[in-house]
Structure formats: C-alpha cells, structure tokens
Amino acid sequence: MEPSGHELAQAASSGNLYWIACGIFVLSFALIISEKIHKTKVALIGASATILIGILTQTEAFHSPHLGVDYNVIYLLISMMLIVNILGKSGAFEWTAVKLAKAAKGDPVKIMVFFFVATAVISAFLDNVTTVLLFAPVTLLICDELGLDPVPYLILEAIGSNIGGTATLIGDPPNLIIASRAGFTFNDFIIHLAPGIIVMVIIFAFIVRWLFRHLKVDEVKRAHVLQMDESRLIKNPALLKKAGVVLTLTIAGFIAHGALHLEPATIALFGAALLLLFSGVDPHEVLAEVEWPTIFFFIGLFIVIGGIVKVGMVSDLSHFVIALTSPTKDSMFATAMVMLWFSGFLSAFIDNIPYVATMAPLVAEMAANVMGDGATASAVGNDVLHHPTVLPVWWALALGACLGGNGTAIGASANVVVLGLAERAGRKVSFLHFMKFGFPIMVGTLILSTAYLWIRYYL
Amino acid sequence: MKVSTALLADPLTTGPGATIEELLPRMVADRDGTAAVVSADGEFLGVIGVTDVLAKVVPLYVDLKESLAEVVHASYLEEHLDRVKGLKVSDLMVSPVATVQLEDSLFQAAAKIVEHGRRVLPALDGDRFVSFISRSSLLAAVLEGHK
C-alpha cells in the first residue's frame with residue numbers, strides 16, 4: 001500500500017529533524033572545542049534550538065530521564081560544590097598541605113610525591129579543579145620558601161588530580177554522566193576502577209620520586225618550612241569540625257546509597273543542606289561561588305545530546321561501533337580496547353564532558369543492540385547494561401576519558417587552571433612543556449589501564 | 001568648585017628610569033607615598049605608590065589565600081624588598097590610571113576617587129602632570145568653600 005501524503009510528510013519532517021539535530025550537535029561540538037565562543041553559551045543556544053525546532057518537546061527536555069536534563073548529575077555537582085566551598089573556608093586544605101610538607105621534613109622530592117598523592121586522593125572525593133585550586137597557593141608558598149621552581153609541582157598536582165578523580169563516581173564529571181546513564185552506584189566505581197587507579201598512583205609516585213631524585217635544598221630553607229605553624233591556617237575550627245562531619249557522612253551515604261535506594265544526588269543534596277544549616281554561612285555568599293557556567297553548560301549539553309539520541313544518530317553511531325569492533329554477547333574486548341585508547345587520545349585534546357555525554361548513550365545503545373538482540377537502550381534494564389560482557393566497555397570509557405585529560409595542557413580543566421596560576425606567578429608554561437610531563441604519563445596510564453582491564457575481565 | 005582649588009603642594013615626581021632604591025626613601029617620607037611618573041618633557045606617564053612596591057613583594061599565593069601570610073618566615077619582607085630595589089620605576093608603575101583635569105569639578109574628582117579606590121588622583125593640564133588631589137585636600141576645599 002502506498003504511504004499517505006501525511007505519512008510522507010511526517011517521514012520527510014523526521015528526516016529533516018535528524019539532519020538538523022546532527023547539525024546542531026556537530027556545530028555545538030566544534031564551537032566548544034574551538035573555544036571561540038564560551039562553551040556555556042554554545043550549549044544553551046544548542047539546547048534552545050533543539051527545543052524550539054521541535055527535536056525534543058519541552059516535556060522531553062526538562063523531564064525525560066533518557067532524553068532530557070539529567071538532574072542527578074546537576075544536583076550532585078551543585079551540592080558537592082557547596083560542600084567544598086564551605087569546607088574550603090575553614091582552611092582545611094592549606095593546613096593539610098603544610099602538614100604534609102612538614103611531614104616530608106622539607107625534602108623537596110618527598111613534598112612533590114606527597115602533594116601528588118594527596119591531590120590524587122582528595123580528587124577522588126572532591127572536584128579536580130577545586131582540589132588543585134586549593135593546593136596551588138600552598139604549593140607556591142612552599143616552593144617560594146624552598147627556592148624551587150613551582151612548575152613541576154603544579155603540573156604533577158593537576159595530573160594527580162586527574163588520575164585520582166577517575167577512581168570514584170564523584171571524582172570526575174565524566175564518571176557522574178556514566179554512572180547516571182548506566183545506573184552504576186558509588187560502590188561499583190570503588191570495586192571496578194579504584195583498585196586500578198590506586199596501583200597507578202603508587203607506580204607514578206615512585207616514578208616521580210626517581211625522576212626528581214636530584215632536587216635538593218639547603219637546611220636554612222628547609223627550616224622555613226619546618227617552622228611553619230599550620231594551626232594558624234585553620235580560620236574557623238568550628239566550621240572545620242562541622243564540614244568534616246558532614247563530608248564524612250556524605251561519603252558514607254555515597255557508599256550506602258545503592259542499598260538505601262537513593263541517588264547520589266540525594267545524598268549530596270542532604271549533605272549540602274545540613275552544612276548550610278549548621279555552618280552559619282550566608283547562602284548568598286556560598287551559592288554565588290557555585291560554578292554556574294559549568295552547571296548551565298551541563299544543562300544545555302544534556303538537551304543537545306538528548307536531541308541526537310531521539311532522532312537516532314546515537315543509535316546509528318552505535319551500529320558503526322558494532323561494525324568496527326564486532327562485539328558479541330560473549331566478548332567486547334576489541335570494543336573496550338578501542339574505547340579506552342580512542343577516548344584517551346581524544347580527551348587529551350577535547351573537553352571530555354561533551355565527549356562522554358555523547359558516548360554514554362552510545363555505549364548503552366550498543367549494549368542493548370548486542371545483548372538485547374536489537375533492542376534499544378530505553379527498552380533494556382541494568383541486567384543488560386551491567387552484564388559482565390558490557391562492563392569492561394563502560395570502565396574503558398571512564399578510564400580513557402578521565403586519564404586522557406593528562407595528555408596536553410588543554411586536556412583537562414585542572415591543567416588549564418594550574419597553568420593559568422603558573423603564568424600569574426611569573427612562570428609561563430608552554431603547551432609542549434606540559435606535554436613533556438603529561439603525554440608520557442597519559443600513555444603510561446592507558447597502558448596500565450589496558451593491562452588492568454585485561455587482567456580483571458579477560459584473563 | 002574645580003579641581004584646581006584642591007591641589008596638593010609639592011607633589012612627588014619621578015622619571016621612569018629611576019630605581020626603586022632611589023625612589024623608596026622619598027616615597028616613605030611623602031605624606032601620601034605616591035609619586036607621579038613623568039617623562040623628560042613633563043608628559044604624564046603613570047603613578048607609583050608604596051602599595052605598588054608592596055604588591056611586588058607580597059607573593060601571588062598570599063593574594064590567593066591571605067591566611068598564608070601567617071606562615072611565611074619572619075624575614076621574608078626584608079629579603080624580598082632587597083630584590084625589588086634594583087627594579088626601575090617603569091617596571092612597577094601603574095598605567096593607565098584614573099586622572100582628573102584641572103577644570104573638572106570637585107564632585108567629578110570625588111566620584112573617581114570613590115570608584116577607583118585611590119587615595120590620590122593625578123590632576124593634569126591636558127597631558128601634563130600638575131599635582132595630586134587627595135581625599136583630604138578635596139574635602140578641605142569643599143569645607144573651605146562652604147564657609
């Protein structure tokens with residue numbers, strides 16, 4: 001039977017919407033990467049266009065769990081920013097950094113290793129950029145007192161924060177997106193990613209110690225560090241206690257959130273609300289410090305990505321990945337390895353958040369297609385998305401997207417921040433100078449990730 | 001009332017090539033601690049004050065986190081001030097900087113002092129430096145005119 005005029009018009013319209021949605025996505029992505037226009041502006045314009053043109057309805061954009069804004073990610077980000085902002089006011093991070101420098105007895109190499117490990121550990125629970133921003137002033141102080149070049153210290157802190165942030169659900173925004181799309185809990189990341197990251201941090205701590213083994217300072221300068229009274233850096237002991245208790249409870253809540261059937265966002269929101277209530281901090285002040293451009297970037301991005309999911313572009317891309325890597329119900333090894341290395345190298349040059357926001361639904365579509373015999377992602381549950389065959393692909397995406405950021409000066413926000421600070425401190429670091437440190441470490445972590453995935457899931 | 005009625009007597013001036021070591025004792029002795037930087041033919045180039053010298057000594061990390069000043073070793077200021085003394089005025093001077101013209105009203109000058117948070121403003125005749133107008137000299141002129 002011939003299609004009716006109405007059916008033809010509908011098909012033409014949906015065909016047009018497909019290409020318009022693709023166009024919005026490609027243009028948005030290109031503008032975000034080029035940095036010619038601020039990424040938040042790009043994401044919001046893209047989102048507005050997606051809704052106004054009718055690619056997504058308003059209900060889909062604002063309320064659909066599969067197509068619209070992922071409010072779990074949004075509220076988790078805002079809440080953790082609030083907790084960290086308030087905790088930061090207490091002086092806890094500066095105290096920690098000076099304490100570590102004194103524990104190292106002013107030895108420059110030990111300080112470098114301690115700071116590298118500390119930023120890795122802290123970044124597993126707090127935002128990477130915040131971690132380096134809070135450590136950087138003390139790093140500059142210690143290096144100034146010891147008469148050392150702060151650049152290697154700052155670069156290694158950025159790298160450490162990128163590595164450490166890979167270990168947990170809350171450590172890096174790409175992990176938030178993956179967790180929300182795949183339905184992973186906080187403990188899933190601890191079980192599947194944290195062990196590999198811990199090994200990487202230990203290995204690179206030894207490498208850093210060996211590489212910088214010749215650094216020495218005289219006893220007079222060491223004495224400057226040993227004489228620092230870190231207790232003077234705690235500006236608000238009462239606030240520190242309250243923030244410490246809330247942060248501990250929040251992390252405990254993350255560990256238990258699966259069993260409690262609560263989203264991590266709910267845990268974080270409760271923690272932030274408690275801290276706001278008991279800290280006595282003015283909400284205007286601390287809310288003003290939330291990175292709203294980042295939040296609105298996410299909001300816009302989710303809608304743009306929802307558009308290409310709805311029109312089927314993500315499904316088409318997933319078929320391409322299937323054709324390229326031939327995953328089966330028994331093994332997706334090639335898919336996982338391609339995902340790891342492709343994500344790693346791409347993330348060294350482009351923002352990993354829009355990349356993962358695109359890849360997460362793609363992996364879900366691919367998993368549904370292969371494991372669910374041609375089903376779509378919205379039609380399958382966690383039994384498919386968490387199937388042992390599929391799991392390595394998710395973790396490969398997380399590892400590649402997060403660790404790839406170490407490759408270049410622009411690969412991660414933490415890198416951009418430390419280099420900006422280094423320049424303000426009179427030590428401009430070139431793109432190539434950063435790559436000298438970052439690229440080998442990135443490749444090293446990808447090699448270790450390959451070994452980890454192979455040993456963990458395929459041996 | 002105009003800016004020309006509220007100028008300071010004996011303003012401090014210096015050339016861009018002078019060293020901080022030469023200028024510092026004169027700035028410390030001056031009531032407002034600010035010098036106008038003028039070229040050899042009297043053209044106004046900028047200002048330099050004791051705050052600008054201190055800003056060069058106080059490191060970035062204290063800017064970022066004021067509390068770190070409490071753990072810096074005691075002789076830091078003396079040691080780092082020595083390093084700044086060899087610099088030239090042109091290395092530390094502030095330029096461009098807010099200025100007023102002699103013919104501007106005292107209200108315009110007051111507005112600029114508040115907006116830019118400066119203790120003194122250079123008063124120019126075209127592009128030639130004449131003197132400074134300070135918060136005190138401005139108010140003194142207003143009170144005098146009120147009598």
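Q: Let's start with A:Glu289. Is it buried, partly exposed or exposed?
A: Relative accessible area is the number to look at: under 20% is buried, over 50% is exposed, and partly exposed sits in between (1.4 Å probe, protein chains only). A:Glu289 comes out at 38%, so it is partly exposed. This is a predicted model, in which local features need pLDDT of at least 70 and side-chain atom pairs count only at pLDDT 80 or more, while totals for chains, interfaces and linings use all residues. Residues are numbered from 1 along each chain as its sequence is written, chains are lettered from A and ligands numbered from 1 in the order in which they are written, and side-chain values use heavy atoms, with hydrogens and water left out.

Q: Which side chain does A:Glu289 meet in a salt bridge?
A: A salt bridge here is a side-chain nitrogen of Lys or Arg within 4 Å of a carboxyl oxygen of Asp or Glu. For A:Glu289 the partner is A:Lys89, at 3.0 Å from N to O. The two come from distant parts of the chain, 200 residues apart: A:Glu289 is in the loop between helix 15 (283-288) and helix 16 (292-311) of chain A, and A:Lys89 is in helix 4 (residues 71-89). Helices (H or I, at least four residues) and strands (E, at least two) are DSSP runs, numbered from the N terminus. A:Lys89 is partly exposed too, with a relative accessible area of 27%.

Q: Where do the partners A:Glu230 and A:Lys99 lie?
A: This salt bridge has its closest N and O atoms 3.0 Å apart. A:Glu230 sits in the loop between helix 12 (219-226) and helix 13 (237-260) of chain A, and A:Lys99 sits in helix 5 (residues 92-103), so the pair ties together parts that are 131 residues apart in sequence.

Q: How far apart are the closest N and O atoms of A:Lys221 and A:Asp218?
A: They are 3.7 Å apart, and the pair counts as a salt bridge. A:Lys221 is partly exposed at 30%, and A:Asp218 is partly exposed at 38%. Salt bridges can also share partners, and that joins A:Lys89, A:Glu285 and A:Glu289 into one network. Over all chains, the count is 17 salt bridges.

Q: How many salt bridges run between chain A and chain B?
A: There are three. In one of them B:Glu70 pairs with A:Arg232, with the closest N and O atoms 3.1 Å apart.

Q: What area is buried between chain A and chain B?
A: Interface size is often given as the accessible area lost when the parts come together. That loss is found with a 1.4 Å probe and summed over both parts. Here it is about 1500 Å², and carbon and sulfur atoms give 65% of that. On chain A's side, A:Pro137, A:Leu141 and A:Asp144 supply 29% of the area that chain A buries against chain B, more than any other three residues. Going by contacts (heavy atoms within 4.5 Å), 17 residues come from chain A and 13 residues from chain B.

Q: Which helix of chain A gives the most to the side that touches chain B?
A: Helix 7 (128-146) and helix 22 (413-424) each supply at least two residues of that side. Helix 7 gives the most, with six residues.

Q: What about helix 19 of chain A: how many of its residues are buried?
A: 20 of its 20 residues are buried. An expected span is 1.5 Å times one less than the number of residues. Helix 19 (residues 352-371) reaches 27 Å from its first C-alpha to its last, close to the 28 Å expected. Just after this helix, A:Asp373 takes a positive phi of about 55°.

Q: Which residues does A:Ile32 touch?
A: Leaving out residues up to four places away in sequence, A:Ile32 touches A:Lys39, A:Val42, A:Phe297 and A:Pro354. A:Ile32 belongs to helix 1 (residues 5-34) of chain A and is buried, with a relative accessible area of 8%.

Q: And chain B: how many helices and strands are there?
A: Chain B has seven helices and six strands. Of its 147 residues, 42% count as buried. Its C-alpha atoms fill a box of roughly 50 × 35 × 25 Å along the principal axes.

Note on methods:
Buried area = accessible area lost by both parts, 1.4 Å probe.
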